[in-house]
Amino acid sequence: MVDAEAVREAVRAWILEFGGTYCREHGEMPIWREPLVGLADADSPLFPGLRDIAYSGHRMPQDYLPGARTVISYFMPFTEDVPGDNTKGDRPVGSWTDAYNLTNEMCASMNRFIASKVSDMGYRAAVPEDAGEIVDGTYSVWSQRHVARIAGLGNFGMNGMLITDVGCAGRFFSIITDIPCGHDEPCLEERCLHRIDGSCGRCMRVCPVSALNDDGFRRDACLGRCTDNMELTGQQICGKCLCGMPCSLRDPSA
């Protein structure tokens, strides 16, 4: 067995190494705080459960890597100014779009870098390259946020975002491996203030299309708004429900 903390620390070091090099080579300023890393048990019964709560065709770790044992999930939390800028208006601002694009572009390469480092350790790794694809209108075949919850990184808020120790404003990514190590427990404790005692609900109030409410999430309304924003941003994004929130940059329940 490989020590789990050693794996987490190695992945953090690889992220910082690659991120620093990428930004220097591309003339970009770093826009992230320290990354979070979680380790999910690839055989957890919560993975098959995602076919009931996330998408009926949700893929399993073994679909990407036969013999998978550990799913490495990591979170790239934005610095304070990134979500702060996107509190303005009811359309995503340019800096939010830029942060989204930069993070996705960098981490696509970073995922392969981490996979190569796992290979250097003598283990196998696979990257879920289709994680960002939308199927059946509004669903993903590999939900990064649900995977991150299984890896212990956080729990969901009313906005559908995963509230980590350092908030929900950022991006999640994952790599499937056959590293035999200890795993993190899924996050079960409630972190959303509205769900804890009804003291928040700001995300529901600021949603431009009222897609969030106590009765559930209007997925079609959210996707429709994000699709409309493509004309402005070139991406299906919005982010209003996770910017300027008590949970944007921290766990408000802590």
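This is a predicted model: local features need pLDDT of at least 70, side-chain atom pairs count only at pLDDT 80 or more; totals for chains, interfaces and linings use all residues.
View 1. A search of the whole structure turns up eight aromatic pairs, and Tyr55 and Tyr139 form a stacked one, with ring centres 5.4 Å apart and 20° between the planes. Tyr55 sits in the loop between α2 (46-53) and α3 (61-64), while Tyr139 belongs to strand β5 (residues 139-140), so their contact ties together parts that are 84 residues apart in sequence. Is Tyr139 buried or partly exposed? Tyr139 is partly exposed, at a relative accessible area of 27%.

**View 2. Phe75 and Phe172, a stacked pair between two strands.** Here the centre-to-centre distance is 4.3 Å and the planes of Phe75 and Phe172 make an angle of 25°, which is a stacked arrangement. Distant parts of the chain are linked by this pair: Phe75 comes from strand β2 (residues 70-77) and Phe172 from strand β8 (residues 170-177), 97 residues apart. Phe75 has 0% relative accessibility and counts as buried. Phe172 is buried as well, with a relative accessible area of 7%.

**View 3. The open sheet that holds β2 and β8.** Four strands make up this open sheet, and their order is β1-β2-β8-β3. Which way do they pair, parallel or antiparallel? The pairing is antiparallel. At the edges lie β1 (36-41) and β3 (125-126), each of which pairs on one side only.

**View 4. A cluster of three aromatic residues.** Which residues do ring pairs link into a cluster? They are Phe18, Tyr22 and Phe113. For anyone setting up a geometric analysis, a handy reminder: a pair of aromatic rings is described by the distance of the centres and the angle of the planes.

View 5. How many cavities of 30 Å³ or more does the structure hold? There is one, and the largest cavity contains about 110 Å³ of space. Its lining consists of 14 residues, of which Cys192, Leu193, Cys200, Cys203 and Cys247 are the closest to the centre. What is the make-up of this lining by class? Sorted that way, the residues around the largest cavity are 10 nonpolar and four polar, with no charged ones.

How values were computed: Residues are numbered from 1 along each chain as its sequence is written. Side-chain values use heavy atoms; hydrogens and water are left out. Rings of Phe, Tyr and Trp (its six-membered ring) pair if their centres lie within 6.5 Å; planes under 30 degrees apart count as stacked, over 60 as edge-to-face and the rest as tilted. Buried means under 20% relative accessible area, exposed over 50%, partly exposed in between (1.4 Å probe, protein chains only). On a 1 Å grid over the protein atoms alone, a cavity is a set of points where a 1.4 Å probe fits but cannot get out, and a pocket is an open set with protein on both sides within 12 Å along at least five of seven lines; lining residues have an atom within 4 Å of a point. Grid points are joined across faces, edges and corners, and a volume is the space filled by probe spheres set on the points. Ala, Val, Leu, Ile, Met, Phe, Trp, Tyr, Cys and Pro count as nonpolar, Asp, Glu, Lys and Arg as charged, and the others, Gly among them, as polar. Two strands pair if DSSP finds at least two bridges between them.
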